[in-house]
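Please open the structure in a viewer and keep the selection tool at hand. The stops below are meant to be followed in order.

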Amino acid sequence: MNSLFDSVEEKKIIITYNFDKDSNAVLSNNDTLETLKSLPENTFKLIISSPPYNIGKVYEKEVDLKDYLNWQSEIITEMFRVCSFDGSIVWQVGNYVDNGEVFPLDIYFYPMFKNVGMKLRNRIVWHFDHGLHANKRFSGRYEVLLWFTKGNDYTFNLDSVRVPSKYPGKRHYKGNKIGLPSGNPLGKNPSDFWTLIEQEWEDGIIDIPNVKANHPEKTEHPCSFPIELIERCVLALTNENDWVLDPFGGVGSSLIASIKRGRRGMIIDKEKQYIEITKKRIEQFQNGTLKIRPLGKPIHKPTGKEKVSQLPIEWLNNQEENSK
Ligand SMILES: C[S@@+](CC[C@H](N)C(=O)[O-])C[C@H]1O[C@@H](n2cnc3c(N)ncnc32)[C@H](O)[C@@H]1O
């Protein structure tokens with residue numbers, strides 16, 4: 001078992017462009033559905049992705065919501081087939097928005113996964129503090145990860161992802177354990193509310209093009225996963241040498257999280273440029289130059305001394321004027 005703070009012994013990374021059991025990094029530059037159909041059944045311990053949301057990003061053509069969901073439903077059927085018996089699918093989704101009306105995609109996806117026979121283990125809320133500011137509704141500040149398993153017997157390594165508890169010194173105050181520490185020395189369960197990548201991530205990746213350059217993992221991709229988010233899932237839901245698949249792999253954040261933790265990874269993406277960036281990121285990872293936000297790094301809290309956390313001077317002047 002590895003925990004959040006262990007590093008895995010370095011393994012040679014063997015890259016192939018089609019699925020090959022003897023490699024540990026597969027970069028498939030193809031269509032997702034076609035490629036899934038060519039993969040062997042019961043193979044991947046974890047299938048994790050954030051699919052296109054049908055909101056007109058550079059890599060997708062917006063279609064009718066019904067057509068989009070029919071396409072995703074075919075993908076879910078294939079993913080179920082290639083997921084191992086003790087495996088999981090984690091589907092990270094936000095909202096589809098049409099003419100100001102919000103359609104939360106997890107509500108649509110839940111019955112689709114249930115229909116193929118998967119079981120929901122957690123609906124994880126991934127919260128971030130910044131993003132686009134809405135004018136006609138409350139600003140959206142979370143997305144959802146639906147974690148399903150194929151069966152009832154599944155891998156879940158809780159000890160690998162425990163986080164420091166707030167009050168580790170707590171003790172039992174009654175019963176036969178009275179006086180003994182009541183927590184777990186490895187820390188507490190991280191719960192289904194995740195803020196792990198809060199500050200840098202929201203500044204850098206969640207579609208705020210003008211500040212994207214601030215994030216250590218910034219690439220050309222408009223919405224790549226934070227490696228840290230995937231790392232937690234990889235550690236909890238797989239064991240060393242297991243296969244992890246990201247069927248909409250983008251610039252390979254899932255693949256990097258997987259090989260970083262001694263797993264084998266495959267991504268599928270139709271855009272050649274993203275596959276090329278992934279290859280470059282793997283090389284950088286190998287030679288130690290890839291910038292990755294460390295897992296478990298504490299969230300930055302403003303001290304109040306930073307300029308951005310103070311009221312603008314114009315507002316202060318106005319307040320003084322108004323109070324006269
Ligand atoms: C939300 S992004 C995923 C980002 C990825 N999780 C990462 O960390 O970089 C969706 C990706 O799906 C890819 N994509 C969209 N439709 C596809 C299709 N039919 N076949 C293969 N890839 C597709 C896009 O090129 C895009 O990179």
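The tour passes from the strands to the core and then to a helix.

This is a predicted model, in which local features need pLDDT of at least 70 and side-chain atom pairs count only at pLDDT 80 or more, while totals for chains, interfaces and linings use all residues. Residues are numbered from 1 along each chain as its sequence is written.

**First stop: strand E11**

Select residues 264-268, strand E11. Helices (H or I, at least four residues) and strands (E, at least two) are DSSP runs, numbered from the N terminus. In E11, 5 of the 5 residues are buried, so the strand is largely enclosed by the rest of the structure. A residue counts as buried if 20 or more other C-beta atoms lie within 10 Å of its own, as exposed if 12 or fewer do, and as partly exposed in between, with C-beta atoms placed from the backbone. Arg264, Met266 and Ile268 point one way from E11, and Gly265 and Ile267 the other way.

**Second stop: the partners of E11**

E2 and E11 run parallel and are joined by 4 bridges; two strands pair if DSSP finds at least two bridges between them. Serine 28 stands opposite isoleucine 268 in E11.

Next, select strand E10, residues 243-246, which runs parallel to E11 and is joined to it by 4 bridges. Here leucine 245 stands opposite methionine 266 in E11. From E10 the chain crosses through H6 to E11 in a right-handed β-α-β crossover: with the strands pointing away from the viewer, the path from the first strand over the helix to the second runs clockwise.

Valine 244 has glycine 265 as its bridge partner in E11, and valine 244 is also the bridge partner in E10 of leucine 46. Strand E3 (residues 44-49) pairs with E10 in the parallel sense over 2 bridges.

Select Leu46 and Ile89, which touch the most other members of the largest nonpolar core, a set of 52 residues. Such a core consists of buried Ala, Val, Leu, Ile, Met, Phe, Trp, Tyr and Cys residues joined through C-beta atoms within 7 Å.

**Last stop: helix H7**

Select residues 272-286, helix H7, which has 15 residues. Its buried residues are Tyr274, Ile275, Thr278, Arg281 and Ile282. Just after H7, glycine 288 takes a positive phi of about 80°.

Note on methods. Expected span 1.5 Å × (residues − 1). Contact = placed C-beta atoms within 7 Å.
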